[in-house]
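Look at the sequence and the model below before reading on.

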Amino acid sequence: MKIKASLTRIILFAFDVEKLKTFYTDSFQLTVIEEIKNEWVVLNAGTMEIALHKIGEAYMPEPGAKLKAESNTKLIFNVTPNLTLLRQKLLNAGVDMKEIRSFAGINSLFCDGEDPEGNICLLYTS
């Protein structure tokens, strides 16, 4: 018997659930599916969901320390219609965004950045 699985949701542990919710809903127009205020949010991200889960107290940084996610995961967003405009909007909002780049043989543009807690995102358009 073959067992098949499909990925339906990614959970990001968050220091500030509300701040990340605002970032993803404002930046990418993701919609909230369910929510427990300041604890848990599920966002509709197209064919998948992104859930934001309040990180446990034991993992909170010292007061005044910069929040920085420690993950080897990259969230990838297909952007339409204009990657350049979205990148500029994010830069204007203080989001850390790299330059737009392309690669030989690939008919797409790419731009790396970070959400407010340091989760790495890749924006691309084809």
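Asparagine 92 has its place in helix α2; helices (H or I, at least four residues) and strands (E, at least two) are DSSP runs, numbered from the N terminus. The model is predicted, so local features need pLDDT of at least 70 and side-chain atom pairs count only at pLDDT 80 or more, while totals for chains, interfaces and linings use all residues. Residues are numbered from 1 along each chain as its sequence is written, and side-chain values use heavy atoms, with hydrogens and water left out.

Is asparagine 92 buried or exposed? Its relative accessibility is 62%, so asparagine 92 counts as exposed. The side chain of asparagine 92 makes a polar contact with the side chain of glutamine 88, at 2.8 Å. A polar contact is a pair of N or O atoms within 3.5 Å; within protein, one must be able to donate a hydrogen and the other to accept it, and residues adjacent in sequence count only if both atoms are side-chain atoms. Leucine 75 is 17 residues from asparagine 92 along the chain, and the C-alpha atoms of the two are separated by 21 Å.

Now take the whole of α2, which covers residues 83-92. Its buried residues are Leu83, Leu86, Arg87 and Leu90. Seen down the axis of α2, these buried residues fall within an arc of 100 degrees, so they line one face of the helix. The arc is that of the directions from the helix axis to the C-beta atoms. Leu85 and Asn92 are exposed on the other side of α2. The buried residues are covered by elements including α1 (17-28), β6 (109-114) and β7 (120-125).

The two ends of α2 can be taken in turn. Proline 81 lies in the loop between β5 (74-78) and α2, and the peptide bond from threonine 80 to proline 81 is cis, with omega near 0 degrees. Just after α2 comes glycine 94, with a positive phi of about 85 degrees.

How do the two helices meet? The axes of α1 and α2 come within 11 Å and cross at roughly 145 degrees. Axes are lines fitted to C-alpha atoms, for helices over the stretch in contact, and angles run from 0 to 180 degrees between N-to-C directions. On the α1 side, Phe23, Asp26, Ser27 and Phe28 meet Leu86, Lys89 and Leu90 of α2, where contact means heavy atoms within 4.5 Å.

Positive phi values also turn up in residues other than glycine. Glutamine 29, in the loop between α1 and β2 (31-36), has a phi near 55 degrees. Glutamine 29 is exposed, with a relative accessible area of 55%. Asparagine 38 lies in the loop between β2 and β3 (40-44), and its phi is near 65 degrees. At 40% relative accessibility, asparagine 38 counts as partly exposed.

Phenylalanine 77 lies in strand β5 and is buried, with a relative accessible area of 10%. Leaving aside neighbours within four places in sequence, phenylalanine 77 is in contact with residues including Tyr24, Phe28, Ile50 and Leu123. Asparagine 119 is in the loop between β6 and β7 and is buried, with a relative accessible area of 7%. Its side chain makes a polar contact with the side chain of aspartate 115, at 2.8 Å.

Finally, step back to the whole chain. It has 2 helices and 7 strands, in the pattern β-α-β-β-β-β-α-β-β along the sequence. The C-alpha trace spans about 50 × 45 × 25 Å along its principal axes. Of the 126 residues in the chain, 34% are buried.

How values were computed. Buried means under 20% relative accessible area, exposed over 50%, partly exposed in between (1.4 Å probe, protein chains only).
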